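Trainee: I would like to learn how to read charged side chains in a protein model. Could you guide me?

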Amino acid sequence: MSNTKTKKEVEKDIPNLKEELREYIDLNLKKELKEFIDTQLKKDLIQEVEKANKKIIKEKNKKILQKNIIIVLLLGVIALAGYQLYELDFFARFFVKDYNPKTEEKKKENTKEEIEAKEERKEPTLEELKEKYEKLLDPIIISTNSKYLEEYYNGDLTSELKSYLALNQMDFDKLEVEDDYNVISEEELKKSYQKLFNDSFETNTFDYNGNKVRYINKLKTYMTNSILIKEPLDITREIIDIKEIDDNVVITTVEGYLEDDHLYNAKTKEEIEYYGDSILNYQEQLNTMKYTFKNNKLVSIKG
């Protein structure tokens with residue numbers, strides 16, 4: 001028995017096949033369309049939600065920023081107002097016992113003056129102080145041949161040493177000459193002494209670089225053994241510090257004796273290995289001196 005359908009049978013089945021095909025296509029197409037539409041809708045929905053969220057966050061951040069700016073401005077205004085009230089002693093009126101507006105105002109003025117004075121007050125440099133005070137040392141002249149050199153560098157200002165320094169200030173060409181010696185009145189030496197020192201002048205016999213200067217009490221006069229020859233300052237001084245302390249000026253120096261490019265300790269006369277540079281490079285081997293002046297007069301020396 002053959003399974004082959006006849007033409008009539010086939011034609012008879014065509015309507016059924018068409019219906020089945022239509023149902024299949026309709027069913028599958030609807031399913032795919034539905035899936036496509038669902039997927040696309042979800043995608044679009046997610047994008048729109050994200051856009052909306054971003055917009056919301058942006059607006060929210062914007063509002064937060066504006067709020068923060070307003071808070072900062074308000075805090076600034078409060079701080080400024082608080083400071084102004086403090087300056088006007090607003091709080092002191094309520095919290096300070098025995099508050100007195102005039103007293104507080106005076107305190108404030110004094111504080112302002114102190115601050116302004118402190119700002120204006122600048123410490124002068126060493127060079128500026130040198131210009132102002134280094135001339136105070138000019139009259140302090142002692143020779144390395146002086147009998148008083150050791151006590152000078154020990155800081156011992158004896159009356160004889162003071163007389164020696166006072167005599168060194170005088171013009172030797174104007175000293176009175178008698179035969180082969182000089183005559184110096186007590187008054188002349190006293191005037192020279194008072195230019196250097198603030199204390200009382202004492203008469204005494206003293207030595208000037210090997211020349212004895214005798215005081216004759218009955219004549220109120222000094223007489224020398226021979227004609228005086230002034231010896232200049234042969235000691236090199238370098239100022240390393242100047243301080244203004246109350247009414248006093250303290251000048252610190254380094255001192256040495258230079259001769260023919262040889263450097264010596266002024267007190268001990270010991271030679272120091274020297275390379276022709278500043279004596280400041282040899283401070284440890286030289287003499288450091290402190291000169292204290294008051295009203296431009298020498299008060300003390302310290303070695």
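Mentor: Let's talk through the overall picture, then some salt bridges and a charged patch. Keep in mind that this model is predicted.

Trainee: How many salt bridges does a search of the whole structure find?

Mentor: Such a bridge pairs a side-chain nitrogen of Lys or Arg with a carboxyl oxygen of Asp or Glu within 4 Å. The search finds five here. One of them joins arginine 237 and glutamate 255, at 3.2 Å from N to O. Arginine 237 sits in strand β6 and glutamate 255 in strand β7, so this pair ties together parts 18 residues apart in sequence.

Trainee: Are arginine 237 and glutamate 255 buried or exposed?

Mentor: Both are buried. For another case, take glutamate 127 and lysine 130, whose closest N and O atoms are 3.6 Å apart. These two lie in helix α4, three residues apart, which is about one turn of the helix. Lysine 130 counts as buried because its relative accessible area is 17%, and the cut-off for buried is under 20%.

Trainee: And which residues form the negative surface patch?

Mentor: That patch is made by Glu176, Glu178, Asp179, Asp180, Glu187 and Glu188. Strand β1 and helix α7 each give two or more residues to the patch. Glutamate 187, in helix α7, counts as partly exposed because its relative accessibility is 47%.

Terms used:
Residues numbered from 1 in each chain as written. Predicted model: local features only at pLDDT ≥ 70, side-chain atom pairs only at ≥ 80, totals over all residues. Heavy atoms only, no water. Patch = residues over 30% accessible without salt bridge, like charges linked within 9 Å, V, L, I, M, F, W, Y side chains within 5 Å. Areas by Shrake-Rupley, 256 points an atom, 1.4 Å probe, with all protein chains shown as cover. Lys, Arg positive; Asp, Glu negative; His and termini not counted. Charge placed at Lys NZ, Arg CZ, Asp CG, Glu CD. Helix = DSSP H or I, 4+ residues; strand = E, 2+ residues; numbered from the N terminus. Buried < 20%, exposed > 50% of the residue type's maximum accessible area, 1.4 Å probe, protein only.
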